[in-house]
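Here are my notes on this one, in the order I'd go through them with the structure open. Have a look and see whether you read it the same way.

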Amino acid sequence: MTDYVIIVAGGKGLRMGSDIPKQFLPVGGRPVLMRTIERFREYSATLQIILVLPAAQQQYWQQLCQEHHFPLPRQRGDGGSSYLLADGGETRFHSVQHGLALIPDDARGVVGVHDGVRPFPSVEVIARCYETARSEKAVVPVVPVVETLRHVTEGTKPRGDYRLVQTPQTFDIQLLKAANRQPYREDFTDDASVVEAYGHPITLVDGNRENIKITTPYDLRIAEALI
């Protein structure tokens with residue numbers, strides 16, 4: 001049994017107001033994406049990592065790896081503790097499909113899908129997601145909503161009924177492969193929505209508040225403070 005994580009990093013940095021895609025911006029002197037990969041290595045030295053990047057960004061990523069003495073991706077079939085590289089797709093759904101294609105069709109174990117610009121999932125949360133997915137098959141880490149929510153037309157909503165969704169979202173490998181054979185739909189906003197549409201329920205586990213998604217300059221300042 002082998003576990004995997006597909007790290008999806010296809011951002012363009014538009015909300016960041018930068019010419020450099022947000023996953024490559026430095027936090028504490030190192031690109032965000034490197035910190036994300038390192039966190040999963042902290043969880044497990046044997047976890048098989050698949051990085052999904054747009055083809056147009058891969059040369060720049062390899063340049064950053066050389067500059068920061070970070071491991072380069074390996075070729076499929078090679079051994080070692082590095083990671084595989086897959087081309088990004090038109091949407092997140094298609095990017096995950098490309099990552100799943102690098103996992104053998106007969107593989108058994110758990111696969112996580114994680115946002116490349118979330119460098120701060122705790123090792124404890126990663127472990128909780130993977131271990132729970134071994135029995136529940138589909139797991140999403142969440143944190144409580146602390147602000148009051150108001151619908152633009154329906155008024156205030158009880159915040160206790162809502163959770164903020166994080167990653168890694170973790171699944172039985174065969175379940176996620178089967179779910180991703182469905183035709184693409186616009187309401188596939190994350191991997192949990194794909195699996196739910198396939199008919200499998202989602203189990204929620206506690207995430208960690210620091211596991212922010214870095215998408216704006218404000219998020220970048222918070223990330224620097226966390227470092």
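1. Arg30 and Glu38 pair up in a salt bridge, with 2.5 Å between the closest N and O atoms. Arg30 is partly exposed at 22% relative accessibility, and Glu38, at 26%, is partly exposed too. Bear in mind throughout that we're looking at a predicted model.

2. How many salt bridges does a search of the whole structure find? The answer is 11.

3. Within helix 4 (residues 123–136), Arg134 and Glu131 sit 3 residues apart, about one turn of the helix. Residues three or four places apart in an α-helix point the same way, because there are 3.6 residues a turn. Here the two side chains form a salt bridge, the closest N and O atoms being 3.3 Å apart. Arg134 is partly exposed with a relative accessible area of 28%, and Glu131 is partly exposed at 47%.

4. The salt bridge between Arg92 and Asp191 comes in at 3.1 Å, N to O. Since Arg92 belongs to helix 3 and Asp191 to helix 6, the pair ties together parts that are 99 residues apart in sequence. Is Asp191 buried or exposed? With 3% relative accessibility, Asp191 counts as buried, the cut-off being under 20%. Arg92 is partly exposed, at 23%.

5. Now helix 6 itself, residues 191–198. Its buried residues are Asp191, Ala192, Ser193, Val194 and Val195. What covers them? The cover includes helix 3 (92–100) and helix 5 (173–179), along with strand 6 (110–115), strand 7 (138–144) and strand 11 (169–172).

6. Check both ends of helix 6 as well. At its start, a side-chain oxygen of Asp190 comes within 3.4 Å of the backbone nitrogen of Ala192. Just after the helix, Gly199 adopts a positive phi of about 110°.

7. Last, Leu100, a residue of helix 3. Leu100 has 4% relative accessibility and therefore counts as buried. Which residues does Leu100 contact, leaving aside neighbours within four places in sequence? They are Ile6, Leu176, Lys177 and Asn180. As for Ile214, 114 residues from Leu100 along the chain, the two C-alpha atoms are separated by 24 Å.

Notes:
Residues are numbered from 1 along each chain as its sequence is written. This is a predicted model: local features need pLDDT of at least 70, side-chain atom pairs count only at pLDDT 80 or more; totals for chains, interfaces and linings use all residues. Side-chain values use heavy atoms; hydrogens and water are left out. Buried means under 20% relative accessible area, exposed over 50%, partly exposed in between (1.4 Å probe, protein chains only). Helices (H or I, at least four residues) and strands (E, at least two) are DSSP runs, numbered from the N terminus. Contact means heavy atoms within 4.5 Å. A polar contact is a pair of N or O atoms within 3.5 Å; within protein, one must be able to donate a hydrogen and the other to accept it, and residues adjacent in sequence count only if both atoms are side-chain atoms. A salt bridge is a side-chain nitrogen of Lys or Arg within 4 Å of a carboxyl oxygen of Asp or Glu.
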